[in-house]
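Me: I have this one open next to its sequence and would like to go through it with you. Could you start with how the elements are named, before we get to particular residues?

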2 protein chains.
Amino acid sequence: MEFDPDLKAKLLFQLNEILPQSAILTAEEDLRPYECDALTAYRRLPLAVVLPTTIEQVQAITRTCARMNIPVVARGAGTGLSGGALPDENGIVLGLSRFNQILGIDAENLTARVQPGVRNLAISQAVEPYGLFYAPDPSSQIACSIGGNVAENSGGVHCLKYGLTIHNIQQIKVVTIDGDLLTIGSETLETSGYDLLALMTGSEGMLGIVVEVMVKLTVKPQTVQVLMASFPQVTLAGDAVAAIISAGIVPAGLEMMDNLAIRAAEAFAKAGYPTEAAAILLCELDGLEAEVEEQSTRVKAILQQHGAGSIHLAKTSSERARLWAGRKSAFPAVGRMSPDYYCMDGTIPRKHLAQVLQAITDLSEHYDLRVANVFHAGDGNLHPLILYDANRLGELEKAERFGADILALCVKVGGSITGEHGVGHEKLDSMCVQFGEAALETFHAVKQAFDPHELLNPGKAIPTLHRCAELGAMHVHHGQLSHPELPRF
Amino acid sequence: MEFDPDLKAKLLFQLNEILPQSAILTAEEDLRPYECDALTAYRRLPLAVVLPTTIEQVQAITRTCARMNIPVVARGAGTGLSGGALPDENGIVLGLSRFNQILGIDAENLTARVQPGVRNLAISQAVEPYGLFYAPDPSSQIACSIGGNVAENSGGVHCLKYGLTIHNIQQIKVVTIDGDLLTIGSETLETSGYDLLALMTGSEGMLGIVVEVMVKLTVKPQTVQVLMASFPQVTLAGDAVAAIISAGIVPAGLEMMDNLAIRAAEAFAKAGYPTEAAAILLCELDGLEAEVEEQSTRVKAILQQHGAGSIHLAKTSSERARLWAGRKSAFPAVGRMSPDYYCMDGTIPRKHLAQVLQAITDLSEHYDLRVANVFHAGDGNLHPLILYDANRLGELEKAERFGADILALCVKVGGSITGEHGVGHEKLDSMCVQFGEAALETFHAVKQAFDPHELLNPGKAIPTLHRCAELGAMHVHHGQLSHPELPRF
């Protein structure tokens with residue numbers, strides 16, 4: 001449906017009152033780069049893209065859009081993997097790329113105030129002279145912005161020890177759809193009133209627009225070690241993960257890759273991985289010298305007890321970098337083995353790791369599609385990569401069904417349909433599997449409290465009850481799953 | 001105003017349909033124990049107290065109350081310090097003391113499922129055989145219940161390292177005012193949808209009634225050390241705290257007491273505190289042997305650099321217990337020095353510790369009331385104890401004004417009016433100082449989303465805009481304070 005040209009002209013006139021010409025994009029060639037985020041399977045052109053530079057401009061923009069009933073999709077660096085920044089054809093994209101200043105570093109109090117368009121890695125680089133870093137490190141950290149991290153509650157390899165975004169921010173400034181500016185959280189650990197900081201974090205741009213973030217900084221550890229262990233069976237590696245955590249050791253990172261992922265990464269990155277292993281674990285330990293030495297000894301013992309074939313300790317920074325380079329290149333490396341792949345993101349309780357891996361293997365046979373498994377094993381966050389060929393008729397749809405089955409499995413064993421990539425546009429249907437009617441109604445009521453006309457990122461993250469009913473999933477209540485398409489398990 | 005006796009009879013008839021006679025209290029002598037929580041300055045008798053034993057009963061009770069427009073005040077063990085469980089004269093108290101079962105322990109996955117009436121310490125006792133414990137340890141941990149901990153997002157001495165309640169729970173079951181049962185959170189670190197777990201935690205019974213909690217368990221540290229350092233000046237102790245944290249050391253506990261608190265505690269508990277010191281720090285380190293040894297060496301060096309007069313290391317468990325006994329008895333000990341005391345609870349960024357302490361001293365002179373200071377120094381959580389005599393005309397009111405001034409100070413330096421005791425009935429006015437109109441409106445909108453008729457714990461935690469306007473505080477926006485009664489600072 002064509003958008004009313006009169007209304008569009010009126011909107012652009014109003015936006016021109018707020019912003020200079022250079023901050024309003026309307027030509028198709030200018031809009032094209034904004035038509036999707038890193039989930040490129042879905043694309044839409046917005047009416048316009050606006051690129052404000054001040055909080056007052058953001059307030060005026062949302063106020064105008066609220067008055068004119070125009071949807072607003074906030075966008076950071078566009079590195080999201082679930083289509084959270086997919087535009088609305090009848091709305092504008094509010095890009096925060098020009099909010100790119102670090103406003104202040106308070107090394108004594110271990111905090112920094114930054115604008116939302118600041119890149120994740122740029123924070124760590126800026127505070128490096130103080131011996132500090134910003135802990136959450138999504139794979140996209142070179143490019144992704146802190147505002148997007150807040151919107152998706154991003155994690156990363158080190159979130160097992162250092163937590164998700166919510167555990168590493170203290171205060172945010174948020175513009176509401178009505179143009180109000182809220183300061184949420186405090187400069188201390190605790191705050192009063194309802195925990196709006198946590199509510200806003202991970203809300204995928206549906207409750208407000210983050211215009212400033214006070215992040216917590218972490219003191220760089222004195223020393224770091226990385227251990228790599230190979231296993232003849234995937235289940236042994238899974239058990240070793242559980243044993244390390246149960247022993248009270250909290251590694252900085254604890255990653256697992258299966259054989260297909262190992263072979264792909266090794267061919268690509270020459271990381272020195274044992275290509276015949278069924279699985280490898282990468283375990284990073286950090287802290288004080290003596291602490292890391294003692295932990296390392298204990299981890300090695302646990303790995304041996306659980307049947308590790310070989311254990312390699314990388315002590316130098318270049319050796320460590322090489323081991324991690326393999327892991328970090330796993331996604332593009334798998335991309336070379338197949339014309340297309342579909343990256344899933346679910347979580348499970350650690351103890352079900354072996355069981356879920358077996359079920360994924362069974363599904364792989366059922367759908368006749370290969371799958372490479374890469375996990376943040378320590379916190380039970382799975383990233384199965386489903387290999388397919390989009391040029392083969394129906395294979396994309398088959399991959400999507402396979403992915404949905406994996407997420408349903410995650411829910412069934414007590415986990416979640418998203419670990420760190422968000423729901424966005426991609427996983428709306430899986431939300432019907434995860435949540436019952438009462439929970440979804442509560443989500444909608446919360447949305448109404450912030451955005452009664454549903455103008456902020458409409459249609460994302462929380463499915464309508466109608467959509468879930470059509471899926472036939474509305475009889476799913478309180479985790480008691482009886483999804484009709486759920487594989488027997 | 002007398003409650004309509006017909007309506008009361010009808011309510012009791014309905015409750016009798018749901019509960020056995022023994023679970024409904026209406027006689028005045030039975031209601032008396034429920035008239036207040038641990039903030040005994042405020043007392044009210046409810047219409048009735050109900051003591052359900054099943055989730056279905058709780059659902060039926062809230063459904064009945066919603067239909068009849070009867071307020072419902074949930075109550076755990078009644079140890080709260082801000083009047084959060086103060087009854088409503090026209091409503092019922094829903095006591096959860098009979099929900100006292102530990103439903104399951106999953107040592108492998110480091111979780112336990114418990115009913116809300118289970119005592120905090122009982123969880124740690126139950127999982128002790130597995131070498132585990134439940135980390136948050138409010139001073140009331142012998143008596144307080146986990147449901148109340150969730151309602152207040154309780155902390156404790158160890159929350160610096162191990163976090164608040166929100167960081168130590170994974171999933172809760174909640175009954176809404178409409179009688180729906182929601183399962184919130186997941187069995188893993190991450191979840192999808194808005195973060196209702198964090199929103200519900202600390203919401204003081206205003207959004208729903210917690211009927212089950214899945215807590216995270218922590219592996220007991222291999223070894224523990226406690227250091228006590230004395231300082232000739234309070235500011236030196238404050239600087240030492242900041243230096244320890246800035247060095248990247250995260251003690252299990254880092255507590256500070258000033259001279260009046262030291263003398264009170266020593267007279268009471270014979271802990272071996274230096275009574276001439278201006279301040280002492282208690283620093284608990286835990287972890288692996290080697291780790292604790294190395295941290296201990298570094299902490300001692302920092303303490304010396306910051307002018308510590310004496311440093312004492314308690315290595316045996318009995319010595320440690322003695323040092324902590326002093327700290328834990330500080331409140332009752334101060335109670336022996338004065339007919340009455342008023343315990344405050346605010347937070348500040350660590351770097352402002354010295355500045356805020358000086359301002360509290362000035363206020364103490366201004367109001368002519370003594371104050372003893374006990375802090376969770378590591379996370380900037382202050383507990384000034386204001387000494388007064390309720391039998392002296394106007395002295396309670398003076399103590400309350402002094403307390404409000406301290407909280408306004410906390411807000412002014414970027415902190416919060418509550419660390420771990422909640423807002424409850426006590427600190428409604430201070431909420432007007434902390435938050436501006438837009439933030440309060442957002443809180444009310446969130447409340448509406450869960451409880452549109454304001455039946456759950458009405459009148460607590462979030463003041464009406466009208467109340468704030470009457471206080472003359474409604475021009476306070478976004479932490480930019482210009483409270484008319486705020487001391488110059």
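Reply: Helices (H or I, at least four residues) and strands (E, at least two) are DSSP runs, numbered from the N terminus. This is a predicted model, in which local features need pLDDT of at least 70 and side-chain atom pairs count only at pLDDT 80 or more, while totals for chains, interfaces and linings use all residues. Residues are numbered from 1 along each chain as its sequence is written, chains are lettered from A and ligands numbered from 1 in the order in which they are written, and side-chain values use heavy atoms, with hydrogens and water left out.

Me: Okay, where does Asn457(B) sit?

Reply: Asn457(B) lies in the loop of chain B between helix 16 (437-450) and helix 17 (465-471), and its phi is near 45°, a positive value in a residue other than glycine.

Me: Is Asn457(B) buried or exposed?

Reply: Asn457(B) counts as buried, because its relative accessibility is 2%; buried means under 20% relative accessible area, exposed over 50%, and partly exposed in between (1.4 Å probe, protein chains only).

Me: And Asp368(B), what is its phi?

Reply: Asp368(B) has a positive phi of about 55° although it is not a glycine. Asp368(B) belongs to the loop between helix 13 (353-367) and strand 18 of chain B, and with a relative accessible area of 64% Asp368(B) is exposed.

Me: Switching topic, what are the confidence scores like for chain A?

Reply: The average pLDDT of chain A is 92, and 96% of the residues score at least 70, pLDDT being the predictor's confidence in each residue, from 0 to 100. Over residues 473-489 of chain A, however, the pLDDT is below 50, and this stretch has 43 contacts in the model beyond near neighbours in sequence, where contact means heavy atoms within 4.5 Å. For the model, the scores are ipTM 0.91 and pTM 0.92.

Me: How much area do chain B and chain A bury between them?

Reply: About 5,900 Å² is buried between chain B and chain A, with 61% of it on carbon and sulfur atoms; buried area is the accessible area (1.4 Å probe) that two parts lose on being put together, summed over both. In chain B, the residues that lose the most area to chain A are Glu190(B), Ser192(B) and Tyr194(B), together 14% of what that side buries. The contact takes 69 residues from chain B and 69 residues from chain A.

Me: How many salt bridges are there between chain B and chain A?

Reply: There are two between chain B and chain A, counting a side-chain nitrogen of Lys or Arg within 4 Å of a carboxyl oxygen of Asp or Glu. Asp106(B) forms a salt bridge with Lys351(A), and the closest N and O atoms there are 2.3 Å apart.

Me: Now helix 9 of chain B, which of its residues are buried?

Reply: In helix 9 (residues 259-269) of chain B, the buried ones are Leu260(B), Ala261(B), Ile262(B), Ala264(B), Ala265(B) and Glu266(B). Their cover includes strand 13 (253-258), strand 14 (279-287) and helix 11 (317-328) of chain B. Just after helix 9, Lys270(B) takes a positive phi of about 50°.

Me: Last one, what is Thr62(A) in contact with?

Reply: Leaving aside its neighbours within four places in sequence, Thr62(A) is in contact with Val175(A), Thr176(A), Ile177(A), Asp178(A), Gly179(A) and Ile209(A). Thr62(A) is part of helix 3 (residues 55-68) of chain A, and Thr62(A) is buried, with a relative accessible area of 0%.
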